[in-house]
Amino acid sequence: MSPCGAAVRRSVIAVLIAAMLALSAPLTALAQDAADAPSTRWWTQRRGNADRSGSVDVEPLRAAPVTVWRVEFEHDLASRPVIWGGHIYIVVGSGRHRRLRALRLETGAEVASATLKGSGPVELVTHRGIVVAREAAGVTAFRHRGARFQKAWHVASEYEDAYDGAPCVAWGSVWLPMDGSVTRRFDVQTGERLDTRFQSEALLSVCTSHDDRLTLGATIGTHPRQRGIFLYLELRGLDNELARTVFALRGDDTPICEVASYDDSEDDASFTAVQLATGRRRSWLVTSLCDFEGKSGVASPGVLVMPDGSVVLSPIATPPAVHRGVAFGFTRAGDLVAVDATGAQRTLLTSDNRPRGALPSAPTLARGVLLFRNWAADIESGRVLWVAPDLDVAESLIPAGDHRAIGFTSAALIGLADVSIVEAELLQSTAVVERREVPQDVPGVLRLDGTFVPGTWAFVDGGDVEVSAPDGGVPARVSREHLACAGGGETDTTCDDPMRVVDAWRRIVDSHAQHAFVGLFRRLARERLLADARRTLAIAGAHGLPVETSDALEVLLAGKRPLKDPAARAPRVQRNEAKERAALVTTYLSGVAWCRERELDGAASCLLALAADVAPDDAETHRKLHALETALRPSGFDVARAPGAWMRWARELVPSGATPVSPSDPGRERATGIWREGTMVFRTRNVLFFSRVNDPETVGRCLRQAEGTVRALERLFPHRASEALDSQLLDVRLHRSRADYLAEGTGGASWSAGYYSPRDGVSRFFVKSAVDAAEPLGRGLFSTLAHEVTHHWIHRRLIGDQSSVATTPGYWVVEGIAQFVGDQAVEMGRRSDRLDDPTVPSIDAAAQVARGGKLIPMARLLAMPRLGFAGLDDDSIVTVDLRNNLGALRLSERSVFYEQAGALAFFLANRGGADGRRRFFEYLVAHYRGASHAEVWRELGFVSVEDLEARFVAWLHELTR
């Protein structure tokens with residue numbers, strides 16, 4: 001029972017910060033353990049890993065998951081699940097029915113079980129095949145091997161009914177709060193007691209590991225000289241220093257520790273302590289089910305302890321998830337907030353504006369994606385990725401492996417996976433079963449999975465390829481979906497996407513790497529070189545070794561003690577690894593030669609970059625790679641201006657089909673002024689791109705976004721009025737900064753992030769600084785680029801350089817179509833290239849503005865010309881909390897126009913059927929040609945402007961229900 005649940009009297013005591021005290025005993029033996037630091041891939045204890053950040057390093061669920069299995073138990077769960085090596089460990093039942101069970105992550109099938117003595121709840125932690133069960137009566141560790149559990153060790157508690165908090169695993173040791181006053185450390189494999197680290201008069205304690213620091217105790221108990229309940233937060237680090245902080249907990253005769261709906265459960269620990277790090281600043285965030293009371297009497301469920309000992313109140317009431325030094329969690333009012341190491345706080349979603357059907361909970365985290373009970377959100381973009389209202393689980397989903405998660409109810413476990421994992425696993429399983437042969441330099445077809453089908457070939461109906469059998473048998477048929485490249489010999493090469501060739505060759509190399517490094521792993525495991533074995537297995541995993549295979553191999557190391565003197569064998573281990581790496585380089589170079597023979601120099605450059613990634617540290621190998629890079633480097637590549645090697649640039653350019661433009665190319669003649677010097681120029685199928693930015697990642701994504709937007713528009717308008725103009729490349733230019741962008745003096749408004757100039761047919765943008773990008777969910781470079789490229793393409797290609805005049809009514813359609821495509825284009829990758837996502841920022845914002853009654857009246861919006869738009873106010877008139885995107889937007893009258901126009905364009909294009917979309921596109925073309933429609937609503941298929949407004953607003957209201 002939490003001590004906060006007892007009746008206590010109200011006590012108002014100022015926060016006391018004691019001086020940093022030297023520890024009486026040195027932190028010995030931790031340096032030896034550091035080599036065996038805890039893996040961050042598995043959920044090994046209640047909040048993920050020893051740092052208690054609620055985070056694990058796996059690929060998240062970026063799309064709504066599907067249930068792949070469900071296990072109903074005959075009794076209720078007595079613990080929360082923990083995960084290691086592809087197995088889920090859980091305790092089920094009570095009394096004599098309690099059993100520790102191991103289930104396979106992929107299928108939910110039970111593989112082992114063991115009986116637990118005693119009764120009551122259990123805390124589990126796991127580490128490399130050892131499962132530690134913490135009960136009131138003591139601690140029992142089991143070794144899991146295959147189909148059975150073997151009892152490894154047991155430590156009894158001095159007090160049978162004591163409950164002293166959850167254990168944690170760090171550096172190969174398990175830290176156990178025991179008997180109300182001591183936190184002890186044991187070897188997780190053997191149970192050998194190593195030392196005592198922490199003593200106090202506490203009733204409850206936890207321990208937390210973060211990087212090179214360790215919190216050995218954070219305790220709640222009664223103060224010996226004061227009345228009331230107090231938190232003793234003792235933060236100990238490897239620097240041999242101790243920070244002791246004492247907080248008064250607010251309370252009176254009525255228990256105040258009521259667990260809100262988003263907290264875990266009644267038996268959850270009364271508080272959590274996690275470290276937040278920003279640069280060199282390290283603060284500690286403490287959350288509690290009780291209130292902390294500051295000097296002013298203001299109560300809060302959390303506090304942030306600063307490095308100087310000062311304290312900032314925190315509103316986070318749930319155990320937080322921590323990403324790059326920022327903590328995310330819910331307040332008791334149900335708002336999702338973020339707190340950083342400086343104490344700065346930001347509300348991301350309010351309690352009354354969460355996505356429809358989304359339930360609050362203590363978040364978990366996987367590679368920048370927050371997971372909740374039935375929804376997920378991406379931190380970097382602020383986008384709510386998915387909501388599954390029908391998903392019935394008790395707490396937040398637990399990231400359980402790449403694209404996998406686990407949910408649970410009171411008596412069931414549920415296995416979830418991204419629907420795309422089926423195809424990915426199919427490719428992986430195929431790659432590991434068969435070691436791919438290196439394709440010969442003969443005519444044939446290269447499949448996407450890395451297999452090569454030799455023979456003469458021809459296209460058949462639907463874009464599939466048919467390859468003749470050498471013995472005259474039944475021809476092989478390769479679907480267009482699985483085709484990477486066809487060609488060789490005297491025939492021309494057919495390759496629509498060079499990256500598919502790169503992916504095919506990478507799978508060939510991956511199959512070789514898996515066999516090579518798994519074999520090396522087995523040898524190292526036999527020699528008990530455990531650290532080298534695990535590192536080698538990780539290399540095989542990086543080359544696509546299926547998780548289930550890796551898990552099975554990891555079991556071979558369970559319970560083994562490492563060799564006492566591994567350094568003596570290090571040179572031989574390094575030689576063997578270098579030999580395998582050199583073999584992979586040779587295979588990649590075969591791919592380089594194969595691609596060059598087929599004039600696929602971009603794909604060859606990408607493969608060369610991959611070869612450099614795995615190359616051993618050998619001077620001769622690197623000289624060979626450098627010579628090949630020089631031979632592959634295009635003549636138009638600006639070596640002096642481009643930082644890094646051509647290989648690095650090739651990775652970013654090939655996905656969009658971009659190539660550098662040589663200095664003699666006629667396309668460069670378009671450049672004048674600042675664009676003539678110090679500029680990199682690239683060409684795709686549709687875009688001529690001038691960049692004063694020389695960062696390959698930024699340039700590459702701009703090229704992919706610009707080219708992708710054009711191709712999306714070609715699908716959106718399949719019957720274009722000016723298809724003859726498709727050969728004209730769109731002139732797109734990227735400035736280094738806002739100052740350069742404005743200094744060019746070609747018409748970009750001071751408030752704009754980019755613009756298309758019909759006068760000279762150029763789209764211009766700039767890379768935002770940290771200050772420019774400070775507004776949460778302000779339109780980023782890539783969304784703005786898609787917006788302006790839409791203007792550019794419609795004006796140049798769809799209409800043929802025609803424009804309405806400044807007094808033509810209906811300017812909303814110009815900005816509306818661009819806002820629609822600009823927001824949708826950045827989502828195409830996760831929505832199969834569709835333009836039908838109703839949760840993008842423009843629609844989200846318009847729905848919230850409609851909810852507040854601040855939309856521009858429909859009659860005014862439809863009649864407004866460009867001249868009227870230019871006169872709109874830029875002062876903020878409304879702040880809206882978004883529902884499907886993290887954060888809020890401060891909107892002016894002009895920005896309301898943009899968001900409303902974008903939402904209306906989406907509504908007309910996607911909610912009126914084929915006839916509605918046809919009418920909308922015909923109206924768009926008519927507006928550009930200067931036609932004025934007095935009753936535009938009739939042209940759009942509505943009986944009156946009131947009818948259009950009522951249906952549009954009703955649709956927006958549906959999105960907020």
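Arginine 797 is buried, at 0% relative accessibility (buried means under 20% relative accessible area, exposed over 50%, partly exposed in between; 1.4 Å probe, protein chains only). Salt bridges with shared partners join Arg797 to Arg685, Glu707, Arg711 and Glu714 in one network. The model is predicted: local features need pLDDT of at least 70, side-chain atom pairs count only at pLDDT 80 or more, and totals for chains, interfaces and linings use all residues. Residues are numbered from 1 along each chain as its sequence is written, and side-chain values use heavy atoms, without hydrogens and water.

A salt bridge was assigned where a side-chain nitrogen of Lys or Arg lies within 4 Å of a carboxyl oxygen of Asp or Glu. The count is 40. Arginine 383 lies in the loop between strands E31 (375-378) and E32 (384-387), and aspartate 837 in the loop between helices H13 (812-825) and H14 (841-851), so the pair ties together parts 454 residues apart in sequence (helices, H or I, at least four residues, and strands, E, at least two, are DSSP runs numbered from the N terminus). Both residues are buried.

Glutamate 652 and arginine 704 form a salt bridge at 3.3 Å, N to O. This pair links helix H9 (residues 646-653) with helix H10 (residues 696-716), 52 residues apart. Glutamate 652 is buried at 15% relative accessibility. Arginine 704 is partly exposed at 32%.

Lysine 579, in helix H6 (residues 570-597), is exposed at 62% relative accessibility.
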